[in-house]
Amino acid sequence: MLKIAKYPDPILRKTAKPIRDFNAALEKLAENMARVMFADDGIGLAGPQVSQSQRIIVVGDGRGDHYEVYVNPEVTFFSKDKTSTEEGCLSLPKIFGNVTRPKKIHLKYQDLEGNVIKEKIKGLKSVVIQHEVDHLDGILFIDRVEKITKGQDILDSLKK
Ligand SMILES: [Zn+2]
């Protein structure tokens, strides 16, 4: 079982590397990431969060334990209209805060076979994907947060 890297683990601040090998090991990594995500009741997980500095994210779609895998995801469009969501993160347990992000995105990514896919995404899925793509660039939701709603004390103690 993969272990979740918790803030302030420095791996969370590194820029993750593009994936070039679409092989069985990558499939296994995606599977293991999904397992860890569901075990911790998450709806999204990025490579660096399991100490794999690679550009891969998995996102649950709310249908039981079904999930989607995005390799080398790249947001190619952000809508001007924004939405505010209370976000949390498996790497920052028990800390929550409001983050405003673009409502809709266009995403370009690869599937586990390396096929390039372009998708228009809105709703909660758009927010989750933006949060996870941030992880690939070493950005955490606490960098974008307007207001911590829960766990300010925990965050303060971690920052010390
Ligand atoms: Zn996160």
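Donors are N, O and S atoms within 2.8 Å of the metal. The structure treated in these exercises is a predicted model.

**Exercise 1.** Determine which protein residues are donors of the zinc ion, and how they are spaced in sequence.

*Solution.* 
Step 1. The protein donors are Cys 89 through SG, His 131 through NE2 and His 135 through NE2. These atoms lie 2.0 to 2.2 Å from the zinc ion, and the cut-off for a donor is 2.8 Å.
Step 2. Written as a pattern, the spacing of the donor residues is C-x41-H-x3-H.
Step 3. Cys 89 and His 135 link distant parts of the chain, being 46 residues apart. Cys 89 belongs to the loop between strand S4 (82-87) and strand S5 (96-102), whereas His 135 belongs to helix H2 (residues 123-136).
Step 4. Cys 89 and His 135 are both buried.

**Exercise 2.** Describe the largest nonpolar core and state which elements give two or more residues to it.

*Solution.* 
Step 1. This core has 15 residues, and Met 33, Leu 45, Ile 56, Val 58, Val 69 and Val 71 have the most contacts inside it.
Step 2. Two or more residues come from each of helix H1 (24-39), strand S2 (56-60) and strand S3 (67-78). H1 gives the largest share, 6 residues.
Step 3. Apart from this core lies another, of 14 residues, which include Ala 16 and Ile 105.

Note on methods
Residues are numbered from 1 along each chain as its sequence is written. This is a predicted model: local features need pLDDT of at least 70, side-chain atom pairs count only at pLDDT 80 or more; totals for chains, interfaces and linings use all residues. Side-chain values use heavy atoms; hydrogens and water are left out. Donors are N, O and S atoms within 2.8 Å of the metal (3.2 Å for Na, K and Ca); water is not among the atoms, so sites may look incomplete. Helices (H or I, at least four residues) and strands (E, at least two) are DSSP runs, numbered from the N terminus. Buried means under 20% relative accessible area, exposed over 50%, partly exposed in between (1.4 Å probe, protein chains only). A nonpolar core is a set of buried Ala, Val, Leu, Ile, Met, Phe, Trp, Tyr and Cys residues joined through side-chain atoms within 4.5 Å.
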